[in-house]
Amino acid sequence: MSDLAAALDKLQLDNLYRSRKVTSSAQQVEPIINGQKVLSFCSNDYLGLANHPNVIQRLASATQNMGVGSGASHLITGHHDSHAALEEELAEFIGCEKALLFSTGYMANLGVVSALATRNSSIYADKLNHASLNDAALLSRAKLNRYAHQATDQLNKNISVDESSSKFILTDGVFSMDGTIAPVKTLQSIAHTHNATLIIDDAHGIGVLGKQGKGCTEDLLSTNDILIGTLGKAFGTFGAFVAGKQESIEWMIQKAHSYIYTTALPPAIAEATRASLQLIKDEAWRREHLQALIQYFQDRCKQVGISVSASNTPIQPIIFGSSKTTLKISKNLLAAGILVPAIRPPTVPNNTARLRISFSAEHSIKQVDQLIIALEQLLT
Ligand SMILES: *Cc1c(COP(=O)(O)O)cnc(C)c1O
């Protein structure tokens with residue numbers, strides 16, 4: 001047997017083999033997956049905008065006018081007026097000088113960190129950060145120091161004796177597999193004291209957290225911080241942006257390889273994203289309803305004895321530890337028509353396999369009740 005075939009077999013044996021499901025409907029809370037209509041609790045479409053008529057309409061009409069492909073990278077001729085308009089609107093929404101579009105959040109993280117940090121820099125990173133931030137740190141060749149999840153004392157202690165020429169603190173805003181929220185104020189104060197740059201990847205917070213949907217930094221962002229947001233989650237479209245002060249953004253345009261050496265997003269996607277930004281601003285009820293679902297779920301879990309982790313975000317993990325147990329429960333839920341993914345290492349640390357439940361503003365209380373009943377039968 002070849003090395004790869006043997007390694008694949010071992011993944012199967014360890015319950016770590018991954019396979020893809022096929023979706024054959026629009027993204028919605030009851031999609032058709034592998035030919036079966038399911039009640040889904042696993043999308044990142046937190047506000048229900050991926051299939052919203054305004055967004056669809058804007059994409060369709062923009063495509064009629066501008067076609068599909070952007071034709072080139074941003075620095076050649078791929079930078080359209082739609083991208084420029086979206087960047088201005090995002091900067092204004094976040095409340096910073098400038099914003100820059102990237103093709104994905106993964107690429108934004110790689111680009112930002114490797115453009116700023118050098119082999120003489122130090123990077124401090126939360127241990128539960130998203131894989132893309134870890135990859136970004138490796139790509140930069142900076143010295144990487146990982147601190148335990150939200151252990152700001154440890155971070156403070158280590159950074160205070162660091163004499164590197166430049167220092168960066170990298171954190172998820174909302175931690176993607178735990179639903180916890182970064183202690184933004186403490187991190188800002190540590191960054192300020194030690195002359196470090198704070199880079200926050202708020203992929204899961206943008207659009208969702210804060211009264212106005214500006215994410216975990218709403219009313220907190222300081223001029224020196226760099227914020228990264230994705231558009232494929234709460235915005236319901238595709239792409240990502242980096243927001244910060246003018247000189248940081250100018251630097252990215254000059255130096256971020258994942259910005260420079262890649263085709264610009266289709267301009268129609270930028271137009272569709274402008275429509276979703278408008279909905280994010282206008283329809284606060286989506287965030288309010290989502291918060292009500294989260295609170296309801298947490299309360300009901302307590303009542304019936306399901307040990308869900310504490311989380312005020314739409315990401316609600318139930319940690320089992322064993323990949324095998326987690327897979328089995330996920331399969332049993334699916335048999336009851338409910339889709340909740342089993343998240344296993346290396347996406348999460350060893351022995352912390354979990355169900356990752358995520359809510360959307362399109363879910364009803366009744367659908368959350370269906371989930372609770374199914375979980376109660378399997379777990380208590
Ligand atoms: C999803 C995610 C990304 C990647 O964003 P994409 O636009 O999907 O590439 C980056 N960081 C975090 C924390 C994420 O959850």
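Okay, let's start with Lys 245: at 22% relative accessibility, it counts as partly exposed. Lys 245 sits in the loop between strand E10 (240-244) and helix H9 (246-255). Those labels are DSSP runs numbered from the N terminus, with helices being H or I of at least four residues and strands being E of at least two. The C-alpha atoms of Lys 245 and Gly 95 are separated by 10 Å, and the two residues are 150 apart along the chain.

Before I go on, the ground rules. This is a predicted model, where local features need pLDDT of at least 70 and side-chain atom pairs count only at pLDDT 80 or more, while totals for chains, interfaces and linings use all residues. Numbering runs from 1 along each chain as its sequence is written, and side-chain values use heavy atoms, with hydrogens and water left out.

Now the ligand. How many residues surround the ligand? There are 14, and the closest are Gly 105, Tyr 106, Asp 201, His 204 and Lys 233. Being in that shell takes a heavy atom within 4 Å of the molecule. By class, you get 2 nonpolar, 9 polar and 3 charged residues. For the bookkeeping, Ala, Val, Leu, Ile, Met, Phe, Trp, Tyr, Cys and Pro count as nonpolar, Asp, Glu, Lys and Arg as charged, and the others, Gly among them, as polar. Helix H5 (residues 105-116) gives the largest share of the shell, 3 residues.

On to the polar contacts, meaning pairs of N or O atoms within 3.5 Å. A polar side-chain atom of His 204 is 2.5 Å from a ligand oxygen. Gly 105 uses its backbone: a polar atom there is 2.7 Å from an oxygen of the ligand. Then there's His 130, with a side-chain N or O atom 3.4 Å from a ligand nitrogen. Taken alone the ligand exposes 380 Å², and the protein buries 82% of that; those areas are Shrake-Rupley, with a 1.4 Å probe.

Next, helix H4, residues 81-94. Its 14 residues should span 20 Å at 1.5 Å a residue, and the end C-alpha atoms are 20 Å apart, so that agrees. The expected span there is 1.5 Å times one less than the number of residues. Which residues of H4 are buried? They are Ser 82, His 83, Leu 86, Glu 87, Leu 90, Ala 91, Phe 93 and Ile 94. They cover an arc of only 165° around the axis, which puts them on the same side of H4. That arc is taken from the directions from the helix axis to the C-beta atoms. The face turned away from the buried side carries exposed Asp 81, Glu 88 and Glu 92.

Most residues other than glycine have a negative phi, and most peptide bonds are trans. Gln 150 has a positive phi of about 60°, in the loop between strand E6 (143-147) and helix H7 (152-160). Asn 195 has one of about 55°, and Asn 195 is exposed at 67% relative accessible area. And Pro 345 and Pro 346 are joined by a cis peptide bond, omega about 5°.

Terms used
Polar contact = N/O pair within 3.5 Å; in protein donor to acceptor, adjacent residues only side chain to side chain. Buried < 20%, exposed > 50% of the residue type's maximum accessible area, 1.4 Å probe, protein only.
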